[in-house]
Amino acid sequence: MKPKQKILESSFALFREKGFQATGIAEILDKAGAYKKTLYDHFKSKDDIGFEYLNYLSEQQRVVMLKVLAKANGMSDFIEKWVNFIVRNQRNTSRKDCPIALFSGEISHLSQFDSYRNKAVHHVLDTVETCILKFAPNLRQELVKSLSYELYMSYLGGLRLYALTKDRKVIERMKSQMIASAERLIKG
């Protein structure tokens, strides 16, 4: 593996496990088995790695949704499979929440991340729109956009509440709410 890739993978693992603020350059270098010079050959600062992390998170979310979309038999089935996949993958981490939301909350006071955070969120919203259009290709654009926001807000809120309560019923309510929203707008 190339040094830049080692640094990114090590950084991403540490950011996910400990958070951006709690992760130091020395830890990243130690985990990657890299030297400071190597890091600075590829990145100006830890912020640059954070920018890459946001891009990575939004692209990973897109990949997951498109994989689930390929196996879904309708919008309700897509929502069910998407949420189940996310929850299943969070079993191995202590930080149970949407990774983009976790990271964004942690860096919300750092203005240098604003455009990257917005780009990541819009990348996910665009992917949600793609998924909606597979099952409702004739839905008016403003309804597609409205539903994508509604689904993503329910998803973010549901995962956050689940992270706080560890109550599995929250996930079931979130899925039901998302499915009801989709059915209301698609059938309406």
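Contact here means heavy atoms within 4.5 Å. The model examined is a predicted one. In this model, Ile7, Leu8, Ser11, Phe12, Phe15 and Arg16 of helix 1 meet Lys46, Ile49, Gly50, Glu52, Tyr53 and Tyr56 of helix 4. Sorted by class, the residues of this contact comprise seven nonpolar, two polar and three charged ones. Helix 1 covers residues 3-18 and helix 4 covers residues 46-71. The axes of the two helices are 10 Å apart, and the packing angle is about 80 degrees. Angles of 65 to 115 degrees count as roughly perpendicular, and helix 1 and helix 4 are therefore roughly perpendicular to each other.

Two annotated spans were considered next. An unreviewed UniProt entry lists residues 1-61 as "domain: HTH tetR-type". In the model, residues 1-61 are 77% helix and 0% strand.

The nonpolar interior was then examined. In soluble globular proteins, nonpolar side chains tend to be buried together. The largest nonpolar core of the model holds 59 residues. Within this core, Ile49, Phe78, Ile79, Trp82 and Phe103 touch the most other members. Ile49 also takes part in the contact of helix 4 with helix 1. Two or more core residues come from each of helix 1, helix 2 (25-32), helix 4, helix 5 (75-89), helix 6 (99-106), helix 7 (114-135), helix 8 (141-165) and helix 9 (168-187). The greatest contribution is that of helix 4, which gives nine residues.

Individual positions in the helices were also described. Lys71 is located in helix 4. Exposure requires a relative accessible area over 50%, and Lys71, at 63% relative accessibility, counts as exposed. When residues up to four places away in sequence are not counted, Lys71 touches Asp77 and Lys81. Between Lys71 and Ile179 there are 108 residues of sequence separation, and the C-alpha to C-alpha distance is 17 Å. Glu17 belongs to helix 1. With a relative accessible area of 52%, Glu17 is exposed. Glu17 and Gly157 are 140 residues apart along the chain, and 21 Å separates their C-alpha atoms.

Three further positions lie in loops. Ser108 is found in the loop between helix 6 and helix 7. The relative accessibility of Ser108 is 46%, so this residue counts as partly exposed. Apart from neighbours within four places in sequence, Ser108 is in contact with Asp114 and Arg117. Ser108 and Asp77 are 31 residues apart along the chain, with their C-alpha atoms separated by 34 Å. Asp77 is one of the residues touched by Lys71.

Pro137 is placed in the loop between helix 7 and helix 8. The relative accessible area of Pro137 is 57%, and Pro137 is exposed. Pro137 and Glu27 are 110 residues apart in sequence, and their C-alpha atoms are 48 Å apart in space. Lys166 occupies the loop between helix 8 and helix 9. Although Lys166 is not a glycine, its phi is positive, at about 60 degrees.

Key: Residues numbered from 1 in each chain as written. Predicted model: local features only at pLDDT ≥ 70, side-chain atom pairs only at ≥ 80, totals over all residues. Heavy atoms only, no water. Axes fitted to C-alpha atoms, helices over the stretch in contact; angles between N-to-C directions. Helix = DSSP H or I, 4+ residues; strand = E, 2+ residues; numbered from the N terminus. Parallel < 35°, antiparallel > 145°, perpendicular 65-115°, else oblique. Nonpolar A, V, L, I, M, F, W, Y, C, P; charged D, E, K, R; others polar. UniProt positions renumbered as here; feature names shortened; annotations may be inferred. Core = buried A, V, L, I, M, F, W, Y, C linked by side-chain atoms within 4.5 Å. Buried < 20%, exposed > 50% of the residue type's maximum accessible area, 1.4 Å probe, protein only.
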